[in-house]
Amino acid sequence: MWTLLTTLAVMGLFMLLLRWASSLDTDRAHRKDYGLLREVAKVPSSTAARVVEERLQDAGVRATTVPAEDGEGMRILVFPGDQDLAIRTLLTID
């Protein structure tokens with residue numbers, strides 16, 4: 001008898017825990033954290049991302065490319081100390 005009651009109590013607690021966990025902000029939980037890196041550009045394709053990365057590399061800026069959160073395009077990320085130079089480089093027309 002006590003075994004059955006204990007089992008039901010544990011299952012009830014487990015169900016409450018699962019219900020609470022499913023109510024969390026899952027969009028935020030699945031978002032990737034890139035630490036200090038800051039987005040300086042979003043481009044439509046990996047080919048465009050390579051062009052942007054090469055341009056930044058020529059200016060002495062290290063860049064990282066990651067998929068966009070919405071699944072469309074690529075994001076170009078740089079360290080905060082390089083952010084202003086990266087933006088100026090990308091806005092400059094040769």
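Me: Ground rule before we start: two strands pair if DSSP finds at least two bridges between them. With that settled, in what order do the 3 strands form the open sheet?

Reply: This is a predicted model, and in it the order is S1-S3-S2, with antiparallel pairing. S1 and S2 are the edge strands, each pairing on one side only. On average, neighbouring strands are turned by 30° against each other, direction ignored.

Me: How many bridges join S1 to S3? And how many join S2 to S3?

Reply: S1 and S3 run antiparallel and are joined by 5 bridges. For S2 and S3, also running antiparallel, there are 4 bridges.

Me: What do S2 and S3 form, and what is in the turn?

Reply: They form a hairpin, with 6 residues between the two strands. Glycine 71 sits in the turn and has a positive phi of about 85°.

Me: Let me zoom out. How many helices and strands are in the chain?

Reply: The chain has 4 helices and 3 strands. Read from the N terminus, the elements go α-α-β-α-β-β-α.

Me: Charges next. How many salt bridges does a search of the whole structure find?

Reply: The search finds 3. One of them joins the side chains of arginine 75 and glutamate 39, at 2.6 Å from N to O. Arginine 75 is in strand S3 (residues 74–78) and glutamate 39 in strand S1 (residues 38–43), so this pair ties together parts that lie 36 residues apart in sequence.

Me: Is arginine 75 buried or exposed?

Reply: Arginine 75 counts as buried, because its relative accessibility of 13% falls under the 20% cut-off. Glutamate 39 is partly exposed at 37%.

Me: Which residue forms a salt bridge with aspartate 70?

Reply: Lysine 42 does, with the closest N and O atoms 2.9 Å apart. Here too the pair links distant parts of the chain: lysine 42 is in strand S1, while aspartate 70 is in the loop between strand S2 (64–67) and S3, 28 residues apart. Lysine 42 counts as partly exposed at 43% relative accessibility, and aspartate 70 as exposed at 51%.

Me: And what does glutamate 69 meet in a salt bridge?

Reply: Its side chain meets that of arginine 75, with an N to O distance of 3.9 Å. Glutamate 69 is exposed, with a relative accessible area of 56%. Through shared partners, salt bridges join Glu39, Glu69 and Arg75 into one network.

Me: I also want to look at valine 43. Where is its place?

Reply: Valine 43 is in strand S1. This residue is buried, with a relative accessible area of 11%.

Me: What does valine 43 touch, not counting residues up to four places away in sequence?

Reply: On that basis, valine 43 touches Ala48, Ala49, Val52, Gly73, Met74 and Ile76. Valine 43 and arginine 75 are 6.5 Å apart from C-alpha to C-alpha, and 32 residues apart in sequence.

Me: Now the outside. Which residues form a nonpolar patch on the surface?

Reply: Met1, Trp2, Leu4, Leu5, Leu8 and Met11 form the patch, and together they have about 750 Å² of accessible area. Leucine 8 is placed in helix H1, residues 2–22.

Me: What does the accessible surface of the chain come to?

Reply: About 7,500 Å², with 59% of that belonging to carbon and sulfur atoms. Of the 94 residues of the chain, 20% count as buried.

Me: Last one, on contacts between residues at least 6 apart in sequence. What percentage join residues at least 24 apart?

Reply: Of those contacts in the chain, 63% join residues at least 24 apart.

Technical notes: Residues numbered from 1 in each chain as written. Predicted model: local features only at pLDDT ≥ 70, side-chain atom pairs only at ≥ 80, totals over all residues. Heavy atoms only, no water. Salt bridge = Lys/Arg side-chain N within 4 Å of Asp/Glu carboxyl O. Buried < 20%, exposed > 50% of the residue type's maximum accessible area, 1.4 Å probe, protein only. Patch = residues over 30% accessible without salt bridge, like charges linked within 9 Å, V, L, I, M, F, W, Y side chains within 5 Å. Areas by Shrake-Rupley, 256 points an atom, 1.4 Å probe, with all protein chains shown as cover. Axes fitted to C-alpha atoms, helices over the stretch in contact; angles between N-to-C directions. Contact = heavy atoms within 4.5 Å.
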